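Good morning, and thank you for making the time. I shall go through this structure step by step, and I ask that you keep it in view while I speak.

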Amino acid sequence: MNIQIGIDYYPEQWSRELWESDANLMQETGVSTVRMAEFAWSRLEPAEGDYRFEWLDAAIDTFASRGMQIVLCTPTNTPPNWLTARYPDVLPLDEQLHVVRPGVRGHRCNNSPSLRRVGSAFVEAISRRYAKHPAVIGWQIDNEMHDQECHCDTCNQAFVAWLRQRYADLEELNREWGTVVWSGEYGDWAEITTPIGGGRPMNPSYMLEYKRFCSDSVGHLLNWQLEILRRNCPEQFVTHNMWQYPNTLDYYDLHRELDFVSFDYYPNELYRDYGDRFPRNGALTLDLVRGIKRQGFWVMEQLSGAQGAWMPIQRTPYPGLIRARSWQAIARGADRIVHFRWRSATVGAEQFWHGLIDHSNVPGRRFREFAQLTREVNRLGERLGGSVVANTVAILHSHDQHTALSLQAQAEGGMSYIDNLSSMHNAFLKMGVGTDVINWTEPLDGYKIVVVPSLFLLSEEVARRLERFAEQGGTVVLTNRTGVKNMRNVCEMRPLPGLLAEAAGVVVSEYDAIGRSEHAIRDAQGRIFAAQQWCDLLELRGAQAIAWYDNDFYEGVPAVTVNAFGAGQVYYVGTWPEPAYFHALFEELLAQTGLAPGLRLPEGVELSVRTKGEAAFRFLINLTNEPRVIELDTPCVSLLTGERLERQLILPALGVDILE
Amino acid sequence: MNIQIGIDYYPEQWSRELWESDANLMQETGVSTVRMAEFAWSRLEPAEGDYRFEWLDAAIDTFASRGMQIVLCTPTNTPPNWLTARYPDVLPLDEQLHVVRPGVRGHRCNNSPSLRRVGSAFVEAISRRYAKHPAVIGWQIDNEMHDQECHCDTCNQAFVAWLRQRYADLEELNREWGTVVWSGEYGDWAEITTPIGGGRPMNPSYMLEYKRFCSDSVGHLLNWQLEILRRNCPEQFVTHNMWQYPNTLDYYDLHRELDFVSFDYYPNELYRDYGDRFPRNGALTLDLVRGIKRQGFWVMEQLSGAQGAWMPIQRTPYPGLIRARSWQAIARGADRIVHFRWRSATVGAEQFWHGLIDHSNVPGRRFREFAQLTREVNRLGERLGGSVVANTVAILHSHDQHTALSLQAQAEGGMSYIDNLSSMHNAFLKMGVGTDVINWTEPLDGYKIVVVPSLFLLSEEVARRLERFAEQGGTVVLTNRTGVKNMRNVCEMRPLPGLLAEAAGVVVSEYDAIGRSEHAIRDAQGRIFAAQQWCDLLELRGAQAIAWYDNDFYEGVPAVTVNAFGAGQVYYVGTWPEPAYFHALFEELLAQTGLAPGLRLPEGVELSVRTKGEAAFRFLINLTNEPRVIELDTPCVSLLTGERLERQLILPALGVDILE
Amino acid sequence: MNIQIGIDYYPEQWSRELWESDANLMQETGVSTVRMAEFAWSRLEPAEGDYRFEWLDAAIDTFASRGMQIVLCTPTNTPPNWLTARYPDVLPLDEQLHVVRPGVRGHRCNNSPSLRRVGSAFVEAISRRYAKHPAVIGWQIDNEMHDQECHCDTCNQAFVAWLRQRYADLEELNREWGTVVWSGEYGDWAEITTPIGGGRPMNPSYMLEYKRFCSDSVGHLLNWQLEILRRNCPEQFVTHNMWQYPNTLDYYDLHRELDFVSFDYYPNELYRDYGDRFPRNGALTLDLVRGIKRQGFWVMEQLSGAQGAWMPIQRTPYPGLIRARSWQAIARGADRIVHFRWRSATVGAEQFWHGLIDHSNVPGRRFREFAQLTREVNRLGERLGGSVVANTVAILHSHDQHTALSLQAQAEGGMSYIDNLSSMHNAFLKMGVGTDVINWTEPLDGYKIVVVPSLFLLSEEVARRLERFAEQGGTVVLTNRTGVKNMRNVCEMRPLPGLLAEAAGVVVSEYDAIGRSEHAIRDAQGRIFAAQQWCDLLELRGAQAIAWYDNDFYEGVPAVTVNAFGAGQVYYVGTWPEPAYFHALFEELLAQTGLAPGLRLPEGVELSVRTKGEAAFRFLINLTNEPRVIELDTPCVSLLTGERLERQLILPALGVDILE
């Protein structure tokens, strides 16, 4: 399929005259796709069972008649007033059992029976009506789902039922969770509730299971809709439009049965050296999203103007940024980019979430940039279509670690799982080495290097897979806080890093949660690097030290080690060093494994490669607002300009090029 | 009427022996007015219908017999315990539907039927008793009213009724508010509630109307009392004692039927250059208050000592400050100054809100200063009495803009309407040019320059009035965020500044909400000024640029313009420059219009002029704790010392003088 | 009794195999005491009335059979799920009347009838079972009690009943509290409630009484258990294990009937110069705890590893710190040190509250340090046993002042009572002069110097006692905010310092709550010291000034004075000077009274003396991680090494020595 550009459009917000002029301008601009009906429940069903699809028919036809493809949405994110008034169980109860009322979106209990019943009827109706429509190519279920926690009776019962499926009996649950602490033993299933009352520190096993249940409740809301759509619309795709990482949902799980991932991408920022702060540079976001299903994806809402709603209005996107960020998404696996939104709303809470065109309806600078992008994509769409991103370095990402480490901060300053992962990802990014960021339970075939931040919870299965990967010649990089717990969030009674101690060839004799205190390590060449958050004091059990602490009472104690394991090797990084250390370490690893990058990237320039059969397309994107010069390793042809480049590529501010 | 000094007194807090000694000391000191009975409901009506006015009679007589005038208050700010216990509807429900209980004051639902019924009976009784009392000159209704939001059923019904008066039907309301966004359409009036659950971002049209309703609810509570007082006490004045700006109440509306404005003035600070921070220097507060009814006003509670209650105790007023601040208030339009309070309370939550005399009951430094002030005012009161403040520069202030811009922050850092207005006011203040700060819907006759910060919401009527004012030779200064919306808080589909684009002779081709990011503009003389918050990129449509952006991608684009319009001119300021720019711009304007100030004021000295027939009294007040020298433009006589000044006025620290 | 070392142990969290190996290791290490059954209610009574003591019998025997003494606990801190499910009155209602649910500990209404009934039956059962057990030496009631405020009907009624015992009638209460302010008069006892709805600023007399009631409610929960234990276990001691200061409980009152005080001591920090910040250096904590009953005490939970639970994991204790802090506690009066905990929990919310041994169950560095400590204590325990701490300087501490000053912050920055007390304590600490910190109502016999921070509330009795103390030759140091109020929290109508004005020979003519503003004072030698928070402007009435303000409008006004009073003298410090000033002032006082310290302590070294008959044991503890040299005033023998020291004692990092 060609790579293409689309638009998010809300016909219910505009007059029919505007539909016509908007559709004409889209056609002229080369827009291929229009998403609509996202939050239009009250207009499509103004009273229970009173469906009004005629206006939507007309809207679809307005765009379809000009050759555009339509994506429709199920509107369950915005239960209308008549629904919440009539069926109070639709509205969630917050931690204090207060009703979460309409206002912004997402005011619904994920487990609400009424929402399911009335919503099913609606999804049934809309999906039957458009299943065969030649212009309607697929469906987005709901939008930006999140685990609006609810503490209603239904959710409480659902939680207990969920637990009963996972534990043979209360005795097992009490034992596995260690509820005997603080007399928390349950004598009856009915004593278990969701954490009403909120953030009081609680049993971590309970809290982790509760968070898993919350994520599954969102899955429930998605899946009953999916079931209807699959039944009625076998020839149309089904996706969801997800929020960015980090999030409390297990996106791997949520997308299991969907055709592809689509998501929001609003990276309204120039390049700055964010170090390990996530997700500012965007590349990690894109790699994470691509990794969810390990395939290409859509951006369903792409940056088009300054954001502003409950937050103040943000800066306007710098000239070139809208285009550069779209190409960046494509470079890292996006196959279609749908821009949010055509024109800024004149009404409602998102009046200042700016579209491509301002309230005035006079197309301006941003629209012209979008039109240029659309022309370029349409010109290259076929050539690039079908290409994929494939890498030999993988970073394992785990939703369970994110959740567990969020529940129990390991050190002052938080010790963010995702920030730490980002720090390692960033080191590769700056070197121009592509990384796949995949679920920690995925097979590792085809990779040479696997980087594994903090496997705080560790399963036997994953430990064995990593061992096998190393035995067969792979390079594994482990970090501190690995092997601390089992999957029930209970600490292991064995020396750290637990199930991976043998593979790492070290044990942790003691640790020091240094938090924000600035410490130092020294590597074999005598270079000093700053370190924060954590210090594992390592005792060698076969491994070899390659860096040592350089201060505090453990000065001279090993901080980073490498262990030969089978045909491969296992690194263990006992602290969180500054980015420069990861850069140095990974440079060495890449040299060892023959994966050294060809291009040396100036600051703020990103490289990503899409391949298609023999062809390799190298995307180079300057995310700064200054020109950048890249020295080429080999003469290339620019796909965008057709020019042949011998030695250098000069990218203007926010410039983009694709070399073949 | 003479200008006079009064005292706030709480006879119910002190023994009768103290009444006597206090009254003697007041008489000796020259106090003319005593306010009392402010929060004494439980003592005046200890059980429903059981009125006990005897002690108040005695208290009034104690002071009246020494020649003092009495102001009485209605006590509805403090419903007594028997009332709230017996009629639960008196207590408001907060956003989470929790009862707001007694503790501090103001624990009452503005729409409570019981409060109205029982309160009416009380106001009826007290007003009849004192309507003819020769010493009782007037009434204060309630105190420091504010929109304690309430979400009880009565308020919900009142809100819907309020809306039904303003919208023909639900269809109109849905259309005007754009409720179709996020399926928020109402199918039944009963679906509309107050924003229970609180700050969730909601439809801005709805939120603005709700805030207007809240202000009107306060007006309701005031007006049923006013109706009784007018009926029973036709010869006594009626006022309210309002909090300072900014506030969520529309004070223009609230005071429409009252005789004059009175308010709290606690400016316990020396002069510092607050730049555009409101309302520290006090002058703007006083100008705003004078502008509410465009006439003289009272200070009903004036600074007397360090404040302290729910907040920690503040610094004690610097020697001279109590006197200087009272003269400052008079200089800007106050006709009577009532000091809060005679002596610090020994009991209750405001024990440390210090009065003129400390707990010890030993009059000290502050009291001596008050006595000096009283002597001076009594000496000059007749001479100054009847004089008024009149200016030729007006700044338009709009409660609707304040509310709407508070609901939707336009840029990082908030972009405070009142701070921005203050920034412009401050430029005139420093030049010694008096400004009237009046409601944006007022007639503009008599002004030469009208400064108009952000008319975010713009009505046809106001736009036309400003155009007319310019056409007839006036100078108008507009700013960014003008003409964005209609009065329903809906964005206009026309180029900014909307209805005033023609008058301004510019359109905004794009804008950048720069927030706290420091930008720069350059004027025609090449001077560089810092700018923050916002940048409108201006396209000239007849206007002439007078300043340009000096950085970012819009370097060189016009930032400030002037347009000849009829016999006058319209300036448009597209960004929020630093105070120095407004100073430079307004200096030029004043020179053009021949309004240049006569005196050059040293830092921290304020000038205000009161006129009476031919006489003009120039008040010069040094708000610093260092001496200041003012070069005179003409020889003058000091009203305070009687001295003739040829060339210079030397004001000591916190010194005051009045020149004729 | 010998000084000994114990362990907190939770048999219910570990297998019986671990009991055996743990008990063996404890025995080998020299542990003498094991505390258990602290939170084991659900395991000891899994359903109402179904007592299961067999496992506890076995656990006790496991340790008792190896010669260890057992302390048992009542488990009322952790009501089990069956109890709270069955009797909802057990759970407290918070300020918003939300149920406080189980999760962390302490989820119980202190006045709950069901908790009392079911809990009494349990305490009855467990106390009878172990009253005669030869290894069980005593009881800990509950744990870390605190005033979980509850607003249920029972608590409301209890509060009214409590008030009725203290006030003759409502008239008295209304008068004493000054409820007439803001119409707050009560017409019926039923109108009085606990402060439902929370922090709204309220009548300070009411708030103070409410806080006293809350503390008494905790006492109620403790006392019904105490009554049962005294009846059933006359030969065993009874204590509680309290949190550190500051706390909202009146610990003097709470411990009145207990045998001794025991408390939590987790000072996981090296020495830093905390100035007046409490309670970081630990010494004040220990002095306060010793002062509660003016006798030796236990540490029932002593630092053993990094803390971590709802807060992130803290730094690991520096090598030597566990031992040094235990000796520090002994030096200041602890007779037994029980370490929390043996091994880190693998389950529950306190997984990362580290014990002596890590999750791995491999004893490491911290355990070895503990073993060394235990050996040392066991060697010297008999020799030191029975020695006591006795000092000639007392600092008066008052829970009422702490409460009242917390309710009404006197100056920006809070003006913390306990921080200010700490600042004065710290000056003595640095000089090596021991201080007793005792309740302000205690007799003062035997002291030479009595330091009295802010007696904000002052009773006639205490004022007279201090006068008597001075008359008879004692030295009293008073500070600002003394004599402000009576014991009902009502301001006195007399010049400050109120009842002590005559003794101090000064009156406060005015004061300035300077808050964080940096001011200065100058002493007679011309030295300048910084001052913050408060400035009393003193007028001499017989006293002599010894320091004067050095800036602001009161430059030159007396700030510190001394007054000859009878055979003694009374100092008055009108501001809060920097620590150096107190150091200078107290040095002078000590010189005058002949109490000058013998040793000059290097920074970070603490001295405390325990005496036993003729013997005096000087404990010297280096709380830094660098060596320190102490010049001796006389040759000594080290009890720890047996070495004779002629001139110097060299303490290594975190070193300890005891000189005789």
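In this predicted model, 39 residues of chain B are in contact with 46 residues of chain A. Two residues count as in contact if their C-beta atoms, placed from the backbone, lie within 7 Å. On the side of chain B that touches chain A, two elements give two or more residues: helix H8 (204–232) and strand E13 (506–523) of chain B. E13(B) gives the most to that side, with seven residues. By class, the side of chain B that touches chain A divides into 19 nonpolar, twelve polar and eight charged residues. Here Ala, Val, Leu, Ile, Met, Phe, Trp, Tyr, Cys and Pro count as nonpolar, Asp, Glu, Lys and Arg as charged, and the others, Gly among them, as polar. Helices (H or I, at least four residues) and strands (E, at least two) are DSSP runs, numbered from the N terminus.

A word on conventions. Residues are numbered from 1 along each chain as its sequence is written, while chains are lettered from A and ligands numbered from 1 in the order in which they are written. As the model is predicted, local features need pLDDT of at least 70 and side-chain atom pairs count only at pLDDT 80 or more, whereas totals for chains, interfaces and linings use all residues.

I turn to the contact between chains C and B. It takes 39 residues from chain C and 46 residues from chain B. Helix H8 (204–232) and strand E13 (506–523) of chain C each supply at least two residues of the side of chain C that touches chain B. Which element gives the most to that side? It is E13(C), with seven residues. The residues of this side of chain C comprise 19 nonpolar, twelve polar and eight charged.

How are the copies related? Chain B is superposed on chain A by a rotation of 120 degrees with 0.0 Å of shift along its axis, at an RMSD of 0.0 Å. Such superpositions are made by least squares on the C-alpha atoms of residues with pLDDT of at least 70 in both copies. Of the residues of chain B, Gln96(B) comes closest to the rotation axis, at 5.6 Å (C-alpha). Chain C, in turn, can be laid on chain B by a turn of 120 degrees and a shift of 0.0 Å along the axis, with an RMSD of 0.1 Å. These two copies are thus related as by a three-fold rotation axis. In chain C, the residue that comes closest to the rotation axis is Gln96(C), at 5.6 Å (C-alpha).

Let us now look within chain A. An unreviewed UniProt entry places the feature "active site" at Glu144(A) and Glu301(A). These two are spread over 158 residues of sequence, yet they cluster in space, with a largest C-alpha distance of 10.5 Å. UniProt positions are given in the numbering used here, feature names are shortened, and annotations may be inferred rather than shown by experiment. Where does Glu144(A) lie? Its place is in the loop between strand E4 (136–141) and helix H6 (153–166) of chain A.

H6(A) also packs with helix H8 (residues 204–232) of chain A, at an angle of about 110 degrees and with the axes 10 Å apart. That makes H6(A) roughly perpendicular to H8(A). Axes are lines fitted to C-alpha atoms, for helices over the stretch in contact, and angles run from 0 to 180 degrees between N-to-C directions. Angles under 35 degrees count as roughly parallel, over 145 as roughly antiparallel, 65 to 115 as roughly perpendicular and the rest as oblique. Ala158(A), Phe159(A), Trp162(A) and Leu163(A) of H6(A) meet residues of H8(A), including Tyr210(A) and Phe213(A). This contact of H6(A) with H8(A) has six nonpolar, one polar and two charged residues.

Over residues 392–595 the chain is 26% helix and 36% strand, and the end C-alpha atoms are 8 Å apart.

Lastly, a helix pair in chain B. The axes of H14 (residues 417–431) and H17 (residues 579–592) of chain B come within 9 Å and cross at roughly 60 degrees. H14(B) and H17(B) are therefore oblique to each other. The contact of H14(B) with H17(B) has seven nonpolar, three polar and two charged residues. Among the residues that meet are Phe428(B) in H14(B) and Phe582(B) in H17(B).
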